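This briefing covers the ligand surroundings and the salt bridges of the structure shown below.

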Amino acid sequence: MRVVFLGPPGVGKGTQAGFVATEFSMQKLSTGDLLRESVGKRTPLGNEAKLYMERGELVPDKVVIGLVEEKLASPECRNGFLLDGFPRTVAQANKLSSFLEGNGEALDLVVYFSLPQADLIERISGRRNCPKCNAVYHLASIPPKKDGVCDVCGLALIQRNDDKPETIQSRLVVYQNQTEPLIQYYRDRGILSELDGSGGVSAVQERLVVLLSPLG
Ligand code: AP5
């Protein structure tokens, strides 16, 4: 199964991508996680990406496309994959399509997660992450057992730099201008399904299972 998760910042793509990858035994590729890993390791790619990410802008297409193509060519992705946060521009979508066509493959489904903007801001503002294992929490809806501490690692949770109020707005504008056109792009190709991202994590999971089970 070859699936893309598309949707605005904070809608819950990453939270559900972990669940779906396990449930359907798919290789998950999250460009946000891959880029943050490169930033953390201070690789040349990470150093370049950091400047864009901190401003809430997209990292240049050529950087992200190179990163994703390298991963997609790996044996782990041969039997399918789940792309979380890629593609995010029409240029990235075109590249992905030619890459897959070159291998005689195609996407099965693009899941477009939707949620009102006020809920997106609430989810992003309350997000806290573990700096070691990347576990994602929410201060109100998915709190850790002990305040401010990761359940898995016991480390102090942090707030992503790009989750600060001054950056959230620019990420939403970037999404509207550069990523939203992909909704129509994939609708025109007949592979887009809209998923209601509201409600609790398990309610969204149930909707995803209904959507993806016929493909698996
Ligand atoms: P990335 O990390 O991909 O950020 P994003 O798309 O903006 O998505 P988020 O991580 O903000 O949200 P999410 O939808 O995964 O929500 P989550 O599950 O965490 O990208 C970061 C940056 O990297 C970009 O700004 C860009 O600079 C760069 N980048 C990445 N990909 C790129 C690309 N392809 N091209 C160019 N640049 C790229 O949930 C959010 C919060 O809500 C959490 O606290 C969670 O616990 C909570 N939550 C989740 N589900 C629920 C629920 N059902 N109910 C209540 N709370 C919930």
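An N or O atom in the side chain of Arg171 lies 2.6 Å from an oxygen atom of the ligand, a polar contact (a pair of N or O atoms within 3.5 Å). The model is predicted: local features need pLDDT of at least 70, side-chain atom pairs count only at pLDDT 80 or more, and totals for chains, interfaces and linings use all residues. Residues are numbered from 1 along each chain as its sequence is written, and side-chain values use heavy atoms, with hydrogens and water left out.

- A polar side-chain atom of Thr31 is 2.8 Å from a nitrogen atom of the ligand, and a polar backbone atom of Val11 is 3.3 Å from an oxygen atom of the ligand.
- The protein buries 96% of the 1,000 Å² that the ligand exposes when taken alone (Shrake-Rupley method, 1.4 Å probe).
- Around the ligand are 35 residues, each with a heavy atom within 4 Å of it.
- This shell holds 14 nonpolar, 12 polar and nine charged residues.
- Helix α2 gives the most to the shell, with four residues.

**Salt bridges**
- The whole structure has 11 salt bridges (a side-chain nitrogen of Lys or Arg within 4 Å of a carboxyl oxygen of Asp or Glu).
- Asp163 and Arg127 form one of them at 2.8 Å, N to O, linking parts of the chain 36 residues apart.
- Both Asp163 and Arg127 are buried (under 20% relative accessible area, 1.4 Å probe, protein chains only).
- A network of salt bridges links Arg127, Arg160, Asp162, Asp163 and Arg171.

Definitions and conventions
A polar contact is a pair of N or O atoms within 3.5 Å; within protein, one must be able to donate a hydrogen and the other to accept it, and residues adjacent in sequence count only if both atoms are side-chain atoms. Helices (H or I, at least four residues) and strands (E, at least two) are DSSP runs, numbered from the N terminus. Ala, Val, Leu, Ile, Met, Phe, Trp, Tyr, Cys and Pro count as nonpolar, Asp, Glu, Lys and Arg as charged, and the others, Gly among them, as polar. Buried means under 20% relative accessible area, exposed over 50%, partly exposed in between (1.4 Å probe, protein chains only).
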